[in-house]
Amino acid sequence: FGDLFESRFDLFRWPDPPVKKLAHFCHGSLVQLVRQLSSFSDEEFARLRFDYHAWFHITRRLGYQGQHNHPNASWSGIFCVHPGDSLPDRPDSGLVRFHDPRTHVDMYSDAGNRDLRLPFSTGTCDWKHRRGQLVLFPSYLRHEIYPYLGERPRIVVAFNCWINRIGLDAYVYGGHSGGPSWKYVNPDRWIQGIHSTSNRVGSAWDTYLNANKRDQINSWIAT
């Protein structure tokens with residue numbers, strides 16, 4: 001990794017106004033993307049729970065990241081706070097390279113498929129950070145960051161997101177029956193359900209706390 005600093009993973013929960021504004025922007029952008037790509041009805045989409053790990057990187061000269069993906073999440077993002085120095089003679093400085101996840105996509109190459117445009121091209125996709133730019137991608141997508149050769153620090157914010165449906169089957173790890181199910185929006189969070197049951201291998205069921213359920217709980221507490 002060289003000279004690369006990584007913060008804690010709770011960045012989107014920080015109370016600082018600039019951080020809250022960035023978390024709101026990243027969340028809103030991801031909500032819009034998932035809304036466009038999914039087949040959920042409006043009612044179903046309103047019951048989705050977005051949860052995040054978010055952190056920042058400060059990369060100095062020769063800092064890099066090897067090829068990796070982001071397990072246990074469905075979507076990831078990188079927001080560029082400051083790209084650092086641009087080096088015309090080293091366009092690979094700090095380059096983000098995404099690798100094609102399709103098996104056997106390169107089994108044969110000729111003039112008919114060698115120069116296709118995205119999203120039909122094969123091989124890798126290279127990306128240069130630009131200030132204020134957010135890149136969203138599926139978390140399974142393997143990527144790497146080439147060594148950064150500039151002198152000024154490069155600063156980026158990264159996050160992972162996993163999305164569950166309150167009251168339906170939720171894909172989670174850990175947690176205990178009776179524990180809270182959190183709703184995360186803009187970027188506040190509140191309890192919206194109760195973790196009910198789990199088969200301990202990823203499938204779980206959460207009970208949605210609607211008005212009727214809350215009345216039942218209040219009545220039980222009062223007796």
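**View 1. Phe 98 stands opposite Cys 125 in strand E6.** The model is predicted: local features need pLDDT of at least 70 and side-chain atom pairs count only at pLDDT 80 or more, while totals for chains, interfaces and linings use all residues. Residues are numbered from 1 along each chain as its sequence is written, and side-chain values use heavy atoms, leaving out hydrogens and water. Strand E5 (residues 96-99) pairs with E6 in the antiparallel sense over 4 bridges. Strands are DSSP runs of at least two residues (E), and helices runs of at least four (H or I), both numbered from the N terminus; two strands pair if DSSP finds at least two bridges between them.

**View 2. An open sheet is formed by 4 strands in the order E3-E8-E5-E6, with antiparallel pairing.** Strand E3 (65-68) and strand E6 (124-127) stand at the edges; each has a single partner strand, so one side of each is left without a neighbour in the sheet.

**View 3. Ser 93 lies in the loop between strand E4 (75-82) and E5.** At 6% relative accessibility, Ser 93 counts as buried. Buried means under 20% relative accessible area, exposed over 50%, and partly exposed in between (1.4 Å probe, protein chains only). Not counting residues up to four places away in sequence, Ser 93 touches Leu 87, Lys 128, Pro 147, Tyr 148, Leu 149 and Gly 150; contact means heavy atoms within 4.5 Å.

**View 4. Ile 221 belongs to helix H3 (residues 211-222).** Ile 221 is exposed, with a relative accessible area of 56%.
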